[in-house]
Amino acid sequence: AARENARAVRGTLTTEVWETQNQTWLEFQRLIANESFLRDPSALFEWVKFRSHLSRGVTVGTMLQDESFHFLRIGSFLERADNTARLLDVKFHAVESEYHGGTNGAGKDIEVDFYHWSGILRSVSGFEVYRKAYRNVIRPEKVAELLILRPDMPRSLAACMHEVVSNLQKVANEQ
């Protein structure tokens with residue numbers, strides 16, 4: 001879908017952005033065809049992460065910062081905020097259900113709790129940020145604070161909404 005969307009607005013993209021999108025699609029088709037992701041799913045996840053970073057870098061580094069660019073950024077930060085919110089919602093409910101009525105609820109220990117929350121932080125590239133910012137044991141309320149309220153954490157809801165508002169201001173007009 002991303003490739004088809006890029007093709008539809010090809011004239012607003014730089015050659016580098018289009019080529020990155022197209023090459024990602026072509027490589028992904030090859031990975032699906034040879035089923036290499038079945039042998040090593042973690043390698044596929046690393047590849048997706050790399051291509052995502054590459055796409056974002058090429059976009060920010062080569063596109064004219066005009067209306068198209070700002071709308072692209074609005075979409076990026078809305079999606080990032082949505083994904084962070086969904087992750088928190090699902091993980092908080094999953095951990096809560098394990099502790100309250102889950103089959104192993106009474107036997108959970110601090111070590112298991114650590115792995116739940118460190119997994120959440122790692123999934124948003126926030127584990128090292130958490131350690132730097134809080135310098136203590138991982139606690140659910142601090143994870144929530146980091147991922148919701150901290151404007152200096154790139155994947156926090158606060159940081160994403162700041163970017164959405166900033167880009168909206170850049171495309172605002174009299175209407």
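Arg 122 sits over the face of Phe 127, 3.8 Å from the ring centre; a charge counts as over a ring if NZ of Lys or CZ of Arg is within 6 Å of the ring centre and within 35 degrees of the ring normal. Arg 3 lies likewise over the face of Trp 25, at 3.8 Å from the ring centre. Please keep in mind that this is a predicted model, in which local features need pLDDT of at least 70 and side-chain atom pairs count only at pLDDT 80 or more, while totals for chains, interfaces and linings use all residues. Residues are numbered from 1 along each chain as its sequence is written, and side-chain values use heavy atoms, leaving out hydrogens and water.

**Aromatic pairs**
- The whole structure holds 4 aromatic pairs (Phe, Tyr or Trp rings, the six-membered one for Trp, with centres within 6.5 Å; planes under 30 degrees apart are stacked, over 60 edge-to-face, the rest tilted).
- Phe 114 and Phe 127 form an edge-to-face pair, because their ring centres are 6.4 Å apart and their planes stand at 80°.
- Phe 114 belongs to helix 6 and Phe 127 to helix 7, so this pair ties together parts 13 residues apart in sequence (helices, H or I of at least four residues, and strands, E of at least two, are DSSP runs numbered from the N terminus).
- Phe 114 is partly exposed at 26% relative accessible area, whereas Phe 127 is buried at 12% (buried is under 20% relative accessible area, exposed over 50%, partly exposed in between, with a 1.4 Å probe and protein chains only).
- Ring pairs also join Tyr 115 to the picture, in a cluster with Phe 114 and Phe 127.
- Tyr 130 and Tyr 134 are both buried, and they make a tilted pair, since their centres are 4.8 Å apart and their planes at 45°.

**Nonpolar cores**
- The largest nonpolar core has 13 residues, and Leu 121, Tyr 130 and Leu 147 are among those with the most contacts inside it (a core is a set of buried Ala, Val, Leu, Ile, Met, Phe, Trp, Tyr and Cys residues joined through side-chain atoms within 4.5 Å).
- Helix 6 (110–123), helix 7 (127–134) and helix 8 (140–149) each supply at least two residues of this core.
- Another core, of 7 residues, lies apart from it and includes Leu 13, Trp 18, Val 58 and Met 63.

**Confidence**
- The chain averages a pLDDT of 89, and 90% of the residues score at least 70 (pLDDT is the predictor's confidence in each residue, from 0 to 100).
- Over residues 102–107 the pLDDT is below 50.
- Where pLDDT is low, predicted coordinates should not be read in detail.

Conventions:
Contact = heavy atoms within 4.5 Å.
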